[in-house]
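Have a look at the fold first, then read the points alongside it.

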Amino acid sequence: MKYKGIIFDLDGVICFTDKYHYLAWKRLADKLGIYFDETINNRLRGVSRMESLEIILEKSTKKYSKEEKEDFAEQKNKMYVELLEDMTLADLPKEVKTTLDDLRKQGVLLAIGSSSKNAKRILKHLGLENYFDAISDGTNITKSKPDPEVFLKAAEYLQLEPQECLVVEDAVAGIKAATAGGFDSAGLGEASECEMTTYPLSGFAELRNIN
């Protein structure tokens, strides 16, 4: 492995919480009488909670105050956290855990770089609360992807330079953030088709082949 550290996005890379986000946003949108579907939901990937809310409110005919928006975001998060209680160790794909273990055996430092404010809660449900060498998440950043802050903080926590780290992402916004921060990137899903992606991957285990 040519990199000293690997920084992983959480949702869509280590685990898949999209369904929980979707259900929580759907419940909020239904409550507000706003149309919301899978297509709109796809625009929320890798985006902060408040920015996601603004995307959903594009379909609203009503204007809301800053305070109301903050209350909506809090309602959504409460519903999301309740839904996360259904997560178990079974939500961690075996391919992911074995690959992480192999990378760790190679001496690679592992970090999380996620805009989620619930990253630590999710990792606990997956049995990974003490697994990573560093966690940079929504609780320690002020700018969301495609700004590189979350990855730069993760590299800082690992005491590594961006060029010594690889970022693993599934969202184009995340790849743009990695590129902006001076990181090489590995892309899964839609991120594998982004022209900025250094290493397009068809599966998580392919990380072992990057050298």
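1. In helix 8 (residues 172–180), the buried residues include Ala173, Gly174, Ile175, Ala177 and Ala178. Buried here means under 20% relative accessible area, with exposed over 50% and partly exposed in between (1.4 Å probe, protein chains only). Helices (H or I, at least four residues) and strands (E, at least two) are DSSP runs, numbered from the N terminus. Bear in mind that this is a predicted model, where local features need pLDDT of at least 70, side-chain atom pairs count only at pLDDT 80 or more, and totals for chains, interfaces and linings use all residues. Residues are numbered from 1 along each chain as its sequence is written, and side-chain values use heavy atoms, with hydrogens and water left out.

2. What do those buried residues of helix 8 pack against? Their partners are helix 7 (149–158), strand 4 and strand 5, with contact meaning heavy atoms within 4.5 Å. Axes are lines fitted to C-alpha atoms, for helices over the stretch in contact, and angles run from 0 to 180 degrees between N-to-C directions. After helix 8 comes Gly182, with a positive phi near 85°.

3. Now strand 4 (residues 165–169): five of its five residues are buried, so the strand is largely enclosed by the rest of the structure. Both faces are covered, with Cys165, Val167 and Glu169 buried on one side and Leu166 and Val168 on the other. Do notice that Glu169 is in that buried set.

4. Over to the helix pairs. The axes of helix 1 (residues 18–32) and helix 4 (residues 66–84) come within 8 Å and cross at roughly 140°. That makes helix 1 oblique to helix 4: angles under 35 degrees count as roughly parallel, over 145 as roughly antiparallel, 65 to 115 as roughly perpendicular and the rest as oblique. Residues meeting across this pair include Trp25 and Leu28 from helix 1 and Phe72 and Met79 from helix 4. By class, the contact of helix 1 with helix 4 has eleven nonpolar, two polar and three charged residues. Ala, Val, Leu, Ile, Met, Phe, Trp, Tyr, Cys and Pro count as nonpolar, Asp, Glu, Lys and Arg as charged, and the others, Gly among them, as polar.

5. Leaving aside residues up to four places away in sequence, His21 touches Asp11, Lys76 and Tyr80.

6. Helix 3 (residues 49–57) packs on helix 4 at about 105°, with the axes 10 Å apart, which makes helix 3 roughly perpendicular to helix 4. Among the residues in contact are Arg49 and Glu54 of helix 3 and Lys69 and Glu70 of helix 4. The tally for helix 3 with helix 4 is five nonpolar, one polar and four charged residues.
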